[in-house]
Structure formats: structure tokens, C-alpha cells
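Work through the exercises below with the sequence and the coordinates open. Each task is followed by a solution in steps.

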Amino acid sequence: MKPITSSRKLLRALILSLVFINIATAAGSPEQVEKDIGNNLYCMCGCVTALNHCPHENCPVKSEMHKIIRTDLAQGKAEPAILQDLVARYGLKVLASPPTQGFNLTAWILPGVGLIIGLFAAITIVRRWRRPALAPATPTAPMDDKVRAAVEEEMKKFGG
Amino acid sequence: MVLGVAILLVIGMAAFVAAPLLAPESPGEGALPIDITPLTDLKRRRMVVYENLQDLDFEFKAGKISPEDYQALRENHLAEAAQLMLASQEQEEVTENDVLIERQVAARRAQRKQQPHDPYTCPGCGFENPLPVKFCGNCGTKLPQQAPK
Amino acid sequence: MNQVGSVGLIAALAFAIYGVVAGAVAGKLRSPRMLKSAQRAVLGFFVMITVAVASLEYLILTNDFHSAYVASHSSIALPLMYKIPVLWAGQEGSLLFWTWLLSIYAGIAVWMNRRKNRQLMPYVISICMGVGTFFSLITFWVANPFTQLSLVSASGTTPFTPADGNGLNPSLQFHSMVIHPPMLYLGYVGMAIPFAFAMSALMTRQLGDNWIRVTRRWTMVPWMFLGTGILLGGQWAYHVLGWGGYWAWDPVENASLLPWLAGTAFLHSVMIQEKRGMLKVWNMVLIILTFFLSIFGTFLTRSGIISSVHAFAKSDIGPWFSVFLAIIAAFSLTVLFLRLDFLKSDNRLDSIVSRESGFLFNNWILLAAVLAVLWGTIFPVISKAVENQTVTVGPPFFNRVMIPIGLLLLFLTGAGPLLAWRKTSFQSIKRNFTIPLIFAGVVGGYLFWAGIHRLYTWMSLFLCAFVIASILGEFYKGARTRMKISKENFFSAVYNLTMRNTRRYGGYIVHLGIVLLFVGFAGQAFRFETQKLMGPGDLLQAKDYLIRCEGLTSGQHANYTYETAILSVTRDGRALGEMRPQKRVYMASQEALSHIALRTNLARDLYVVLAGQDPDSGKVLIHVIINPLVQWVWIGGLVVLLGTILALFPSRVERQMDEIRKTQEEALEAHHVL
């Protein structure tokens, strides 16, 4: 069955690409970079929102964080270095998502692991459920005419 | 004022809740009726099969299923319905037998008792009602009126 | 009135406890009179909670600031429309409100089943009242809304009545906020009923799966409310928070999404049980999980163990909820385990390529989504416990994890309906998938040509096209078949088709709604933002919109002071009219809030916020966001709602079973009369 294998390959490629391809972020103007960074940070004023979305007008914490980012950008630092500076200042919780190392890596891995375990579980269940073939499923003797008549009668009534 | 009304309301509700427990046993009151007897369950399962069959017909006509699959599945569904029908018929016989046996037992018991002054035994089914009632607690037959002793 | 409320609460608690016992006894003894008493206890519970709710509402409406709850959540100047929702604005009130909704649900369940399912009802009552006992207990004991303010001084405590209250959080003074919490709560609370039916069916060893049909409907209703509540919350965030988005993966948002996802999984796999008598244990697990996650969601929302934008007060109800959750888990899993023998499958799988396995994979994805969201939501707590390190799990995490899952789900939404029940041959797969795939390919090609190169966005729109084609194809194929059989015209064929099998076609309509939601989500990729300090006469170019500041005004309202920018908008030289973004400072709390201005059409929203004012120049900071396709999110939600209502119509089997039941009933009554 050639078509099946090729479609399987396609499916696998599809899944792999879904798992591994990240959204490419186009580096642009410093303002754009600042905005991108702002999405990956939380404002530390206690509003529990991304830095870009802090609802407070004249939030002192927000402006302090922006100042750090701007100085770093002026020094020509790239995003990872800037994030590092902010972590040094505010701690890990300033990052909008956990870092991908140490224990915090589990945050990223577990959903994927769950997905894969679930897939295997589903496949196992399907395999175990499946009976060999369709025909021998109901090894009824040649159907009793009386029963068959009763079934057909009832079915007609149901159809109405 | 409002507090008093509220408290009265609480007392009233409590009485309302307790009322069914305090009321004398009503005639014909047995255990909670069974909603789904084995027979109705079998019937319901047959209807599900019929529904599946109609869906199958429809999907076949809509061109979603190949003719071979359609034939095989249709036979399969019909066989399932037939099995359920068979089970249903067996069950009916069992039920009929049960009823028959019960009746005989009751009749025999009634014969054995044959006491003229046993106002609570139902003449229909032989059930011995624990309390003086107008109707049998088991089958609901009206009991002959007798003056309480 | 405080005493009246307390009396109501205590009496409700008493009725609830009595209901638990009476229900269990009625179930054990199968006694009709005990059942009647238990049913009346449910009514008593409802009446008493209603008394408590009414007295709290009375205190709120009469500005009785001697009551601590009213003083901290209401104020004299608050308009009536926002005074009523004060009932659920705070911790204590919302728990009371929760309990009240539970009493309504339980009452309706009892009333609708007064003549059927009488074997199930005793335990259903018992379990509902068990939940009611917990909630009325914590409302009375831990978070009582009827406490009164008093001053403690050297001479003792004296009652204290402030002149005015703190007022309602201004961000909650928004129209969709009036119905968003009730909707969400109706969703959370309602999941108690299917749970109660499922547990009761297990405990009474109910034959067959009649109960699962009851449970399915009782799941759909709260599921519908929950979904509507979630979207209304999104709409509130979009209109009020002023950052131009509707979903921020906030813990409280996630908490409402979790039972919705689990409920969605249940509503799909329940079909396999109804049609094929399979997956019985799994369905039980899903009901239990859905209810558990509803309570867990209430717990997350109310306990403040995870910091959230929904700045609810930290409170001491956490441990109570933990114990309750543990009881639910222990109880339900024990019952399930003891009854495993009754949950054997009636059938087996015929083929791997079938609707059944499609549903199984749908469950796989939905559960993976539950796991990912749950894990991300509680990870800060876990990290704190394990590493003693506070981390944040925010949108970047969820977007990266959930978008692939969402896309897989979207694919299944279109692929599932194309698979036939039991067995689908390769030939029919080829036939059924060809047209939708060609259509999606054409749309995808066009989109690529039109410049959409981001993988996720492109895939999402490609899959949307695929799903739309496959679902419309289903309608078309069905209608054509009907036209052939019964010579109807196309429209009446579609109508009859839908009405004859409301569950299937209602479900398809729900899928269409989900596609529209995804179209809206995909639009977020093309979001455009810009901002500028503007004074009268200043111009701001945002893509093809030109915004000119005509002037600034400020003034005072009963409740707040405001600053408004009057902007005129032109697009490609065509005048579109005026927009007036506003900044309000609420007097009671001195909180500032943006009142956005919005120009909306099906293609895009122009979202303008007055973000702040420069104290030196007096100019205002105007933030402009062009948000494509946002309207489709709300439209999609509406379509989901309509499809769900359609699917709630009883199916033919249900109608016929109802007739059989009625016949039985009449026979029984006639028998008694004799």
C-alpha cells in the first residue's frame, strides 16, 4: 500500500515540523526589538501582565524596566543578554516563561511527554480493541426468520 | 419582623420536608419503581442499532461508504439487532415464568393460610400487608373491606 | 437583614446535610417517601439560599455599609446596573452566589426527573447536597458575607458604619462583566449535576447507558454556559484592559478553560458510548475529571494561591478546598473502581480507520491540552515548592505549547466527520478528503501568494479552509441525498436534514463556530500597533488609517473624572468619523481606567486607547492597535452557542424512550387506580 506509507511520511514530517519549528522573529528596529522583549517579560509592579500590557499609567517599575532595556540596546546587546540583565535585577520571575534549563525545563518537556504518552496509550487501546475482522464478529447461526421478521417490524415502526 | 418571617419560613420548610415521613403509608406505595427494566434496556439498545442503521443507509446514499463496506456493516447491524431481539424474547419468557411461579407460590400460600380472619392478605397475589390497608401494597388490588377488630 | 441572611445560610446548611442523609437512605431502602422528603430538602435548600441571597442583595441595594461586604465592594454613587453584580464581586458574595446557582441546578434536576430516573435520583440528590453542604459551610463559616463592621477600642467594640463604601472595582464596571461571572459560574456549578448522575448510576448499578443520555444533556448545558462565559470574559478584557487582546493565559482564564476542554472531550467520547456501548470507564473518568476541574477552577479563582490579574483577595479558603478536592477524588475513584465490572464494553472496534478512533484521537489531543494548560498554570507553585524559585508561566509558554495542539485539534475537527462509523475504507477516505483538501490547497496557495508565510498562521488558515469545506460538504452531501429521496428543494432539505439529526448537524455547526474562532485567532498574527503623544492638530499614521487629534476635553461624572481625546479618522482619504478614547479616574478608589474607542468591521478592528497624559506638554499618549479579524472570535462564539442549543434537542431514540416511559407510567397509574 504505497499511498498509506507516503501519507504516513507526510504526517510524520508534519508533526515534526510542528514540534520543532518556532516562529521566526524578524529582528527589526530597536523599537521593534524592545516590543518583542516586552512580550517576553512580566511587569514587576504586581499587575501580573506582560510588560507591554501593564495597565498602570506612569508605572515606575515599568519605566525602570524599559530604561534597562534601552540602555542595553544602546550598548548593542542582543535579546538574551538583555533578558539576563533583567533576571539579575528582578529574579527569574521577570521572564514571561520559565527558562529552559534545570528543573524549569520540566515545564516545557512535560506537555510534550504527555502528548506522546497519550498517543501511545491511544494507539495501544485502538490495537487492543480491534477485532481480527468484521465478519466473525457475530457468529450468529443463519438468522431465525421469526427474529428477523420481528426486527424488521420494529425497525419500520422506528422509522416512522 | 423580617427575621421572624424568615424563621417561620425555616420552620415551615422543615415541616414540609418532614411531612412525607410522618404521613401514613399511602396505598400502592412500594419500593421506588424501576425505570429501566432489562427489557426496556434491550429495546433501547435495539433502537440505537436502528438509528445507526439509518445513519449507515444515509451515509451510503451520500457516497461516504463503499458498497462492500455498506453490505458488511448492514448485515452486522442486523445481526446485532437480531441478537438483542433474541435476548429480549428470552427475557420475556423468563419474566413470564417468574410471574407464573410467583402467582403459584402466592396461591399456595393463600391456600395454606386459609384463615377467615386475615384482613391484610391480598386475595389477588397473596401478599401479607403489614398494616390494615384498602389496597394491596404489592399489586395494588383492592382488598375486601373488613371491620377492624 | 444580616441576621436574616445568616438564618438563611444556617437553615440551608441544615437542609443540605439532611438532603445528603435522606438521599442516601432513600437510595439504600428504595423508599419513595424518603425520596419525597429528600426532594423537598432540595427545595428547602434552594429557598433558604435564596433568602440569604435576597438579604445580601437588599443590603447592597440599600447601601447598608454597616455590612462589611457591602462597605468593601459597593458605594453610594454606583449605578444600579452595577450594584446588582456586587453580589458576586467579592469572595464571600461569589461563594454564596455559587451555592445559590447549585441550588437552582439541583432544583431543576429534581423537578425534571420527578417522574423518571427514580432509582438514580436519591443518590443524585445526596451528591448535589454534599456539594451544597461544602459550599454553604464555607460560605457560613469561612467567608461569611453577613459579617458586620465594628470598631475595637479601649471601651470595647462598637458597631461601625462608614459613610460610604469602597466602591466596585472600576474595571468591573462594564456591561459584559455583569453577565460574564454568572455565565462562568453557571458553567462551573452545572458540572456538579452530570457528576452526580454518573456517580449515582455507578452506585445503583444502573443497567445499560440510559443514564449517560441524561448526563450528556446535563453536561452540554453547563458546557455551553462555560464557553459563553469564557468568551464574555475575553470580550471584557478586550474592551476594558486596553492592551487590545482578549486572552492572556492568565491562571484564572486557564482555570475556566480546563473544565471546558475536559467537558469537550467527554461530549465527544460519550457519543461512542451511546452509539456503540464502548469507552464506558473512560467516560466516567472524563466526567469525574470535568467536575474535579470545575471545583479546582473555583478554587484557583477564589483562593489566590496563584497570582493573577484577577486580583482577588488572598484568603483562607484554600485548605478547605484542598480537602474537598481530595474527598471528591477519593470518593469518585473508589466508586468507579468498585463498579468496574459494570462498565464492560458492548462492542469492539471494527477498524482502526473509523469515526470511533477519530474520537479517540480527539480525546487524546483534548486531554493533552488539559495537561499542558494545567501544568503551565500550577507550575509556578510546583517550582516554588521544589526549587524555592518563583517563575512566571505566561503567554510565550502557552502560545508555544498550545498552538501546535490547537492546530492538531483543528485538523481533527475537519477530518473526524469525514470518517464513517465503524469502518472507513481507503477508497472512501480518498473520495471524502479530496474535495476539502483541494479547496484548502487552493485557499492555502492563495494565502501564500498573498504574503502569509508564517507557518502557524498559514497552517491555521489552511486547516480552517479544510474544515469549512469538509463540514459544508457534509451538509451538501446530506441535502443532496435527501433531495434525491424525497424531492425537496435544497433549503428545505438542509433544514430537514438538520432537524432530523440535530445532534450531528448541531455538532457540525459547533465545529463551524470553532473554525471561525480560529480564523479570529489567526488574525492576531497581523496585529499592528503604534503610539504617539498627540495634541490638537497632531496627526498619526497607522497603516492606511490617518488619525487627527481635533481636541481634548475633560470633565466630571457622578462616579469618575475623565479626560477625552476627540480624534477624526480617515482611511485612504475617506472620512470615517470621530473616535473618542477616554481615560477615567474613579473617585471611590482613585483608580485610572482607559475607556477605549473602537471602530469595528468584519475585516479589522481599529482600537484606540488614551494611554496617558504628558504632564509637561498636556498632550495625550494615543495608542492605536489595528487588530484584524477579531470580530470572528465573537461571531464564532455565537455560532458555537447556536449549534449547542440545536444539539440539545432530543434525538429520536430519546423521544421514543420517553414515550415508552410515559406508557409505562400510565400503565402503572392505571394499575394503582384499579
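Predicted model: local features only at pLDDT ≥ 70, side-chain atom pairs only at ≥ 80, totals over all residues.

Residues are numbered from 1 along each chain as its sequence is written, chains are lettered from A and ligands numbered from 1 in the order in which they are written, and side-chain values use heavy atoms, with hydrogens and water left out.

**Exercise 1. Chain A**

Task: State how many helices and strands chain A has, and what share of its residues is buried.

Solution. Step 1: Helices (H or I, at least four residues) and strands (E, at least two) are taken as DSSP runs, numbered from the N terminus. Step 2: On that basis chain A has six helices and zero strands, and its pattern along the sequence reads α-α-α-α-α-α. Step 3: Buried means under 20% relative accessible area, exposed over 50%, and partly exposed in between (1.4 Å probe, protein chains only). Step 4: Of the 160 residues in chain A, 32% are buried.

**Exercise 2. A sheet in chain C**

Task: Give the strand order of the four-stranded open sheet in chain C and identify its edge strands.

Solution. Step 1: Two strands pair if DSSP finds at least two bridges between them. Step 2: The order is 3-12-11-10, with antiparallel pairing. Step 3: Strand 3 (528-534) and strand 10 (597-600) of chain C each pair on one side only and are the edge strands. Step 4: From one strand to the next, the twist averages 15°, where axes are lines fitted to C-alpha atoms (for helices over the stretch in contact) and angles run from 0 to 180 degrees between N-to-C directions. Step 5: Within this chain, strand 11 (residues 604-613) and strand 12 (residues 620-628) are joined antiparallel by nine bridges. V609(C) has H623(C) in strand 12 as its bridge partner.

**Exercise 3. A hairpin in chain C**

Task: Find how many residues link strand 1 to strand 2 of chain C.

Solution. Step 1: Strand 1 (residues 150-153) and strand 2 (residues 156-159) of chain C form an antiparallel pair with four bridges. Step 2: S150(C) is opposite P159(C) of strand 2.

**Exercise 4. Salt bridges**

Task: Locate the salt bridge between E59(B) and R504(C), then decide whether each partner is buried or exposed.

Solution. Step 1: A salt bridge is a side-chain nitrogen of Lys or Arg within 4 Å of a carboxyl oxygen of Asp or Glu. By this rule there are 23 salt bridges over all chains. Step 2: E59(B) and R504(C) form one of 3.7 Å, N to O. The pair crosses between chains, with E59(B) in helix 2 (residues 38-61) of chain B and R504(C) in helix 18 (residues 502-523) of chain C. Step 3: E59(B) is buried because its relative accessibility is 3%, and R504(C) is buried at 12%. Step 4: Both belong to a salt-bridge network that also includes D55(B), K275(C) and R355(C).

Task: Explain what the D544(C) and R571(C) pair ties together.

Solution. Step 1: The closest N and O atoms of D544(C) and R571(C) are 3.3 Å apart, in a salt bridge. Step 2: D544(C) is in the loop between strand 4 (539-542) and strand 5 (545-556) of chain C and R571(C) is in strand 6 (residues 560-571) of chain C, so the pair ties together parts 27 residues apart in sequence. Step 3: D544(C) is partly exposed at 28% relative accessible area, whereas R571(C) is buried at 18%.

**Exercise 5. Positive phi**

Task: Where is N63(C) found, and what is its phi?

Solution. Step 1: N63(C) is in the loop between helix 2 (32-61) and helix 3 (68-73) of chain C. Step 2: Its phi is positive, about 55°, although N63(C) is not a glycine. Step 3: With 22% relative accessibility, N63(C) counts as partly exposed. Step 4: K543(C), in the loop between strand 4 and strand 5 of chain C, also is not glycine and has a positive phi near 50°.
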